[in-house]
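Got your viewer open and ready? Let's take a walk through this one together, one selection at a time.

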Amino acid sequence: MTTLLHIDASVRSFYGEGEKHSSISKMLGQHLIKHWKKQHSDDQIIYRDIGEQTPNFVSQKWLEAVFTPESKRTDAHRVVLAESDQYIDEVASTDIILITTPMYNYGMPAALKAWFDQIIRINKTFTFDLARGDFPLEPIFSNKTLILLSSCGEFGFGEGEIREHMNHLGTHIKVLSHYLGVNQFFEIRSEYQEFGDQRHQDSLLAAKQKIENLVSALTRTSSKKMLIA
């Protein structure tokens, strides 16, 4: 059985497809979950809407707690780190991480950055050893898959496209995903939202088809692993 961690980051709610002010990224997430459940009805899905319930930003007290040896932490330290511990436990227990998010000002929403900051933590998700030379950080987790579903107001953010240099969303998340133990990263985006023309509709349809194809591909891969095992 596979465990899937579903993180929604948009501040918008999902009222239904096509509804005014409804979140497109959350809609794409629902589309993936629907098709995933058709083929993996017994899988566990952990869900968090961090756009609605925003993670706390890290603070001086948080840093003090993190860098205090576990055996010397006070109750106050443990309280400060409780949220981080919960997020890390969820990541540790999952096989696939699904993140849905809009592109805000060419990057990720503050809530999503706060979530990553709470999770990427020394001796919990990565180790630090200067004996490794100029690359002392090494992830603790491994063999996880991350699926990023994003929505963009403009267009051309893909590799080799006109706004590739302005894409600080997918590129940033891909780098950070390494420290969650991710070795398979997939990104599907819808574009042209601000234009609201046929190109936007075509982009949505293409994103949905890519999602369905990805679910099928991951299902085939999972089945092969089961046969090999």
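**Stop one: a charged pair**

Start by selecting D197 and R199: they form a salt bridge, with their closest N and O atoms 2.9 Å apart. A salt bridge here is a side-chain nitrogen of Lys or Arg within 4 Å of a carboxyl oxygen of Asp or Glu. D197 has 27% relative accessibility, so it counts as partly exposed, and R199 is partly exposed too, with a relative accessible area of 36%. On this scale, buried means under 20% relative accessible area, exposed means over 50%, and partly exposed is in between (1.4 Å probe, protein chains only).

Before you click on, keep in mind that this is a predicted model, where local features need pLDDT of at least 70 and side-chain atom pairs count only at pLDDT 80 or more, while totals for chains, interfaces and linings use all residues. Residues are numbered from 1 along each chain as its sequence is written, and side-chain values use heavy atoms, leaving out hydrogens and water.

For another one, select R48 and E90, whose side chains meet at 2.8 Å, N to O. R48 is in strand β2 (residues 44-49) and E90 is in helix α3 (residues 75-92), so this pair ties together parts that are 42 residues apart in sequence. Helices (H or I, at least four residues) and strands (E, at least two) are DSSP runs, numbered from the N terminus. Are R48 and E90 buried or exposed? Both are buried.

Now pick R132 and E138, a salt bridge with the closest N and O atoms 3.5 Å apart. R132 is partly exposed at 30% relative accessibility, and E138 is partly exposed at 40%.

**Stop three: a greasy patch**

Select F128, L130 and L137, which make a nonpolar surface patch of about 300 Å². Patch members have over 30% relative accessible area and no salt bridge; like charges are joined within 9 Å, and nonpolar side chains (Val, Leu, Ile, Met, Phe, Trp, Tyr) within 5 Å. F128 sits in strand β4 (residues 126-128) and is partly exposed at 43% relative accessibility.

**Last stop: an enclosed helix**

Finish with helix α4 (residues 110-119): 7 of its 10 residues are buried, so it is largely enclosed by the rest of the structure. Highlight the buried ones: A111, L112, A114, W115, F116, Q118 and I119. Then show what covers them, including β1 (3-8), α2 (60-66), α3, β3 (96-102) and α5 (170-177).

Note on methods: Areas by Shrake-Rupley, 256 points an atom, 1.4 Å probe, with all protein chains shown as cover. Contact = heavy atoms within 4.5 Å.
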